Amino acid sequence: MTESPGTPSGRAGPAEGTGRTGAGPGRAAKFPGWGARPLRSGAAGDGPGPPRTPPSPLHWMRRAALATVVGVLVATGTGWGLYTKLNGNIRFDSDTQNELEKYESERPDPGPPNAENILLVGSDNRGNGNEEYGTDSGTQRSDTTILLHLAADRKSATAVSIPRDLMVTVPHCKRSDGKEIAEQTAQFNWAFQFAGAACTIRTVEKATGIRITHHMIIDFVGFKKMVDAVDGVEICLRRPIDDEKAHLVLPAGRQTLLGEDALGFVRARKSLGNGSDTQRMERQQEFLGALVKKVQSNGVLLNPTRLYPVLDAATSSLTTDADLASLTGLYELVRSMRSIPTDRVQFLTVPRREYRYDPNRDELVQPDADRLFGELRRDRPVRVAPAGAPEETTASDGKPDDSPSPPAGSGPAFTGTTAERGSCE
């Protein structure tokens, strides 16, 4: 191969014209400095190769498109993986659904379209990580039970606590071992011990005349995970607490409770107030109201990075009916609730008093209890007010069941609280 004078072997000299090896004035003007770049040589015997062509706008567009596609695929894969994980967390309670279908003829008629009545059951099961709260004797009872009514227009939500010591009629139920339980008068939380969620649902329906559309069961560990997922809930204590049974030692004053302390706070009984289950339910209602308010106020529902741990905690702790046993089902439920203002998320306890035959048990106060159940059954609004506030007694104004609902804030009032209020208000 012949070398050009003054140049390294295989290199072309400086471009001075418009030939193949030169940049030319047009190219140099369009791409400054291009003419000064060394040019690639061609194959042996072919002379110098063509110059390096700069990336064109079309080239960059293709690369950007490729990067976008890859990003979408990665994001979609990650999103699908997270969805699959969350969806797989939820446990479907098929036994309860199968059992309820056997007694369909005995159950109340469905209420107004779009209204939902969800039974929330806090189980005191000592297995599955709950052993530190007592010995697992193979039985469980409903430590906390709340009937959550979501108005059809989703302008209000009413959570009614049902005392575990309330004396009720437990219908004939079938246990998991196949044995039949005869209808009997017993304290409410025995229904769950006798025959699980199906028996509890039928007991509530029998007492209230309200059709339960969904149910959720959560245990102690699940409750702690939920509180931790929102970075704790703020409470205010007038006095310090030292309760060995509830695993709880707290100073007086304003403070934020995380999982273990939060669970102890809502479970404590003997060391707070007069030691009654009534005051414990009121404390649970205040705590749940503060939890709802925090979730709505700090952008959890609109922030995926904050929402994911909440969903992970919730889904891994729940046992639900078939319609809610998916992330889609739970999302639709939460989505329909997120616009409810906190002052319309209400908490109250079913009207009850000391049981006439046993001061350690409760019974319903009539006609107040039936008045409450009737309003919820017809999807009519109720109001809650602090203890001692004047109470309306106009439970019904004579309108037919299918009449339009009165505006929010009207209707009978019951002692209770809202998510807008809190223990620190």
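A charge sits over a ring if NZ of Lys or CZ of Arg is within 6 Å of the ring centre and within 35 degrees of the ring normal.

**View 1. Two arginines over aromatic rings.** The charged end of R283 sits over the ring of F265, 5.5 Å from its centre. R202 lies over the face of Y103, at 3.6 Å from that ring's centre. This is a predicted model, where local features need pLDDT of at least 70 and side-chain atom pairs count only at pLDDT 80 or more, while totals for chains, interfaces and linings use all residues. Residues are numbered from 1 along each chain as its sequence is written, and side-chain values use heavy atoms, with hydrogens and water left out.

View 2. Rings of Phe, Tyr and Trp (its six-membered ring) pair if their centres lie within 6.5 Å; planes under 30 degrees apart count as stacked, over 60 as edge-to-face and the rest as tilted. Four aromatic pairs turn up in a search of the whole structure. In one of them, the ring centres of W190 and F194 are 6.0 Å apart and the planes stand at 65 degrees, so the pair is edge-to-face. Both residues belong to helix 4 (residues 190-208), four residues apart, or about one helical turn. Helices (H or I, at least four residues) and strands (E, at least two) are DSSP runs, numbered from the N terminus. W190 is partly exposed, at 30% relative accessible area. Buried means under 20%, exposed over 50%, and partly exposed in between (1.4 Å probe, protein chains only).

**View 3. F265 and F287, a tilted pair.** The ring centres of F265 and F287 are 6.2 Å apart, with planes at 45 degrees, so the pair is tilted. F265 lies in helix 6 (residues 259-267) and F287 in helix 7 (residues 277-297), so the pair ties together parts 22 residues apart in sequence. F265 is buried, with a relative accessible area of 5%. F287 is buried too, at 1%.

**View 4. The nonpolar cores.** A nonpolar core is a set of buried Ala, Val, Leu, Ile, Met, Phe, Trp, Tyr and Cys residues joined through side-chain atoms within 4.5 Å. The largest has 33 residues; L119, V160, L372 and F373 have the most contacts inside it. Helix 4 gives this core its largest share, eight residues. Contact means heavy atoms within 4.5 Å. Beyond its neighbours within four places in sequence, L119 touches residues including I146, L147, V204 and M216. A second, separate core of 28 residues includes A246, L257, F287 and A313.

**View 5. Strand 9 and its partners.** Four of the five residues of strand 9 (residues 214-218) are buried, so the strand is largely enclosed by the rest of the structure. Two strands pair if DSSP finds at least two bridges between them. Strand 2 runs parallel to strand 9, joined by five bridges. Here L120 has M216 as its bridge partner. Strand 14 (residues 318-320) runs antiparallel to strand 9, with three bridges. There M216 stands opposite T320.

**View 6. Confidence along the chain.** pLDDT is the predictor's confidence in each residue, from 0 to 100. The protein averages 76, and 68% of the residues score at least 70. Over residues 1-46 the pLDDT stays under 50; the model has 41 contacts beyond four places in sequence for this stretch. Residues 390-409 are also below 50, with 26 contacts beyond near neighbours in sequence.
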